[in-house]
Amino acid sequence: DYAQTGNYATGFYDVAFTSDNKVLFGQDGYGSSSAPLTLDLATGVFSRSNLPFTVYGSISSTDDHGKTLLSVTGISDAPLFIYTAGVGQTAYHGLYADGVYGYGNPVTAIAGNGAFVAQFSGNLYVYDGLLKFIQDVSKTHPELGPGVFGMDFSADGHHLYVVDATTDRIF
């Protein structure tokens with residue numbers, strides 16, 4: 001049982017355990033007030049992360065919890081961040097790079113081995129493990145509608161499965 005200490009005014013939104021014995025907590029809210037909190041499991045101490053991003057969105061990890069993907073909702077450039085255990089932020093995609101925009105629905109996936117990342121924010125975008133843009137899948141698959149509510153990579157990381165609730169289909 002860990003007690004939250006300090007003056008953290010917003011509630012928790014999502015959580016991920018990292019391979020360096022820490023827990024990242026996303027906080028509800030927008031802007032710098034929602035910087036992630038870190039809990040060091042060795043000491044039991046909470047601290048506000050100095051990572052330069054907000055985390056009202058989703059957090060997901062690779063199979064070994066060495067890399068963590070953080071997405072942001074409510075920001076028009078649909079930013080993504082990769083946190084690497086023991087290092088900190090190691091990748092970023094945002095600022096409308098590669099024509100990616102949308103208010104960042106928190107529908108994301110990271111391959112178990114960390115080689116690929118997918119994001120749905122109006123269109124379905126795929127990146128490599130360093131968040132280098134690969135493709136806007138919606139351009140080649142216009143049948144993907146606005147109702148993408150879940151996705152995940154296959155165990156080998158070679159296939160992306162997408163659930164579209166609008167069409168009631170899995171792609």
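Thr62 touches Lys67, Ile110, Ala111, Gly112, Asn113 and Gly114, leaving aside residues up to four places away in sequence; touching, or contact, means heavy atoms within 4.5 Å. This is a predicted model, in which local features need pLDDT of at least 70 and side-chain atom pairs count only at pLDDT 80 or more, while totals for chains, interfaces and linings use all residues. Residues are numbered from 1 along each chain as its sequence is written, and side-chain values use heavy atoms, with hydrogens and water left out.

Where does Thr62 lie? Its place is the loop between strand S5 (57-61) and strand S6 (67-72). Strands (E, at least two residues) and helices (H or I, at least four residues) are DSSP runs, numbered from the N terminus. Thr62 counts as buried because its relative accessibility is 4%; buried means under 20% relative accessible area, exposed over 50%, and partly exposed in between, with a 1.4 Å probe and protein chains only. The side chain of Thr62 also makes a polar contact of 2.8 Å with the side chain of Asp64. Such a contact is a pair of N or O atoms within 3.5 Å; within protein, one must be able to donate a hydrogen and the other to accept it, and residues adjacent in sequence count only if both atoms are side-chain atoms.

The strands on either side of this loop, S5 and S6, belong to an open sheet of four strands in the order S5-S6-S7-S8, with antiparallel pairing. Its edge strands, S5 and strand S8 (88-93), each pair on one side only. Two strands pair if DSSP finds at least two bridges between them. From one strand to the next, the twist averages 20°, where axes are lines fitted to C-alpha atoms (for helices over the stretch in contact) and angles run from 0 to 180 degrees between N-to-C directions. Within the sheet, S6 and strand S7 (residues 80-84) run antiparallel and are joined by five bridges. Here Thr68 stands opposite Tyr83 in S7.

Another pairing involves strand S3 (residues 37-40) and strand S4 (residues 45-48), which are antiparallel over four bridges. Asp40 stands opposite Val45 in S4. S3 and S4 form a hairpin with four residues between them, and Gly44 in the turn has a positive phi of about 80°.

Finally, the view widens to the whole chain. The protein has one helix and 15 strands. Of its 171 residues, 48% count as buried. Among contacts between residues at least 6 apart in sequence, 41% join residues at least 24 apart.
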